[in-house]
Amino acid sequence: MSTIQAVKGTRDLYPEQYAPLQRIFDAWRSASLRHGFEEYEGPTLEYLELYREKSGDELVGQLFCLTDSGQRELALRPEMTPTLARMVAAKINALSKPIKWFCMPRLFRGENVQRGRLREFYQWNIDVIGTADVTADAECILAGVEALRDLGLTEKDFAVHISNRRLIAALLAAAGIPADGHAGAYAILDKAGKIDEAELARRWGERYESHIAFSALMDLLGTQTIDGVRTAASKFATASAELDSAFDETSRLFDTLNEFGIPDYCRFNMRVVRGLAYYTGPVFEFFDRGESERAICGGGRYDDLLGKLGKSKEPAVGFGMGDVVLSLMLKDRGLLTDARTGRGVFVADAADGLRGRLHSLVASIRRAGITAEFSYARQALGKQLKAADKKGCPIVVILGDETLSRGSVQIKAMAKGESREIPYADLLTRPAEFLQHTA
RNA sequence: GUGAGCGUAGCUCAAGUGGUUAGAGCACUAGGUUGUGAUCCUAGGGGUUGCGGGUUCGAGUCCCGUCGUUCACCCCA
């Protein structure tokens, strides 16, 4: 055994682990493309400064930093959004809006390692930049839902919990809570459901009870619809243009999700706050509906961020979905299987002196777009069949003196154990006709 | 970052209160079987017991450190 282990929080992905991961990547990419997103990629290394500007020094502590030989301070990217913002800002005038891009980067965070939480992972990112229309928010959610559906998950397995930072801010303001008290209120909302109700009431009562009664807060937290929020809000909020507008925006988001055909997946949940300070509008999290209630995806609208990182302000919305929790969730449900087996043709020779023809046939089959395998060395036929079985090849082509003397080869279907003969010359020149539908 | 549990073959696990040369199943390789796979039988390879130090006549077992991992807290872009 090697004394050097994989670095803490990283994974050695052997074929048996990487193959199921590829299925996740395929679902991500396929859903992105179907929804009109284009793939991009950026550097793994960025200047440390890029993250300082956005996140502040406390988050820099979770970065993997290094100094290059030219004394440049660099960091392994912990998220994709700053890179995206940088790339978009650099070409903002040349890009047609809205910009719909996706990426599946490897990200690095120097966090404490736990189940579902590693230091290096993959994260699907999709973003729409250049429009404030909440149709874009709905489309991001739709793409996320469709990707998970492709992987075999249904509305019984996960739900999209949606809130709206702008609406919450308008509600707090309409209740007379000054702007400097909003962050504290968000923190309490975030804790709801994680701490018991008495503790929640105590924390709320310290500062906000006079503006919004705790009972009204519980009404707000309990509702799953935007109409429920309106009803609860009518008890304490005074009308304002901003509040009307925020309600209208949120309603349109839910209407659009309805029209996209995914109302069963979506619900309003005021507890969804998102830690990130840069969210400005709708925010959402995809939740595992199983016991663990894990968040598998999070995102929202961040209309001010690009303006801070670049020259021009552009409205934007997007989300990130990591592979780690998603993999665990699929595994729990038996949906994460090794996809390597059951494909391709195995070509075997049953006598000496046929290697040349075997090599030609293998190359011909492969050129026709069909996976073909063979043993490097001439072995007993039994061994070659055993090898074919182990590789999961459903079809074996057997070259033998006896059949070749009649100008034909044997095609054996492994599952049934039956075989038939076809002309060798035909198989060599038109392999797809004989093998495509079976392999 | 804090606290706790766990590290024995590629995997799952054995190995009384410290006591010969650390075992088994699965997996892997080869043979039985030089023209027909899955089953079966036989044999084989594979371990610095995570790593380092200490106690002891003797450590997989006890102690310390370290690395990894799991769980909780913190945090979560």
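This is a predicted model: local features need pLDDT of at least 70, side-chain atom pairs count only at pLDDT 80 or more; totals for chains, interfaces and linings use all residues.

**Helix α13**
- α13 covers residues 323-332, and eight of its 10 residues are buried, so the rest of the structure largely encloses it.
- The buried ones are Asp323, Val324, Val325, Leu326, Ser327, Leu328, Met329 and Leu330.

**Helices α8 and α9**
- A pair of packed helices is described by the angle between the axes and the distance separating them.
- Here, α8 (residues 197-207) packs against α9 (residues 214-222) at about 120°, and the axes are 10 Å apart.
- Angles of 65 to 115 degrees count as roughly perpendicular and those over 145 as roughly antiparallel, so α8 and α9 are oblique to each other.
- Their crossing is right-handed.
- On the α8 side, the contact uses Glu197, Leu200, Ala201 and Trp204, while α9 brings in Phe214, Leu217, Met218 and Leu221.
- Sorted by class, that contact between α8 and α9 has seven nonpolar residues, one charged residue and no polar ones.

**Cysteines**
- How many disulfides does the structure hold? The count is zero.
- Cys266 is in no disulfide, and its nearest cysteine sulfur, which belongs to Cys297, sits 12 Å away.
- Cys266 has 12% relative accessibility, so it counts as buried.
- Cys65, at 42% relative accessibility, counts as partly exposed.

Methods: Residues are numbered from 1 along each chain as its sequence is written. Chains are lettered from A and ligands numbered from 1 in the order in which they are written. Side-chain values use heavy atoms; hydrogens and water are left out. Axes are lines fitted to C-alpha atoms, for helices over the stretch in contact, and angles run from 0 to 180 degrees between N-to-C directions. Helices (H or I, at least four residues) and strands (E, at least two) are DSSP runs, numbered from the N terminus. Angles under 35 degrees count as roughly parallel, over 145 as roughly antiparallel, 65 to 115 as roughly perpendicular and the rest as oblique. A crossing is left-handed if the near helix is turned anticlockwise from the far one by less than a right angle, and right-handed if clockwise. Contact means heavy atoms within 4.5 Å. Ala, Val, Leu, Ile, Met, Phe, Trp, Tyr, Cys and Pro count as nonpolar, Asp, Glu, Lys and Arg as charged, and the others, Gly among them, as polar. A disulfide is a pair of cysteine sulfur atoms within 2.5 Å. Buried means under 20% relative accessible area, exposed over 50%, partly exposed in between (1.4 Å probe, protein chains only).
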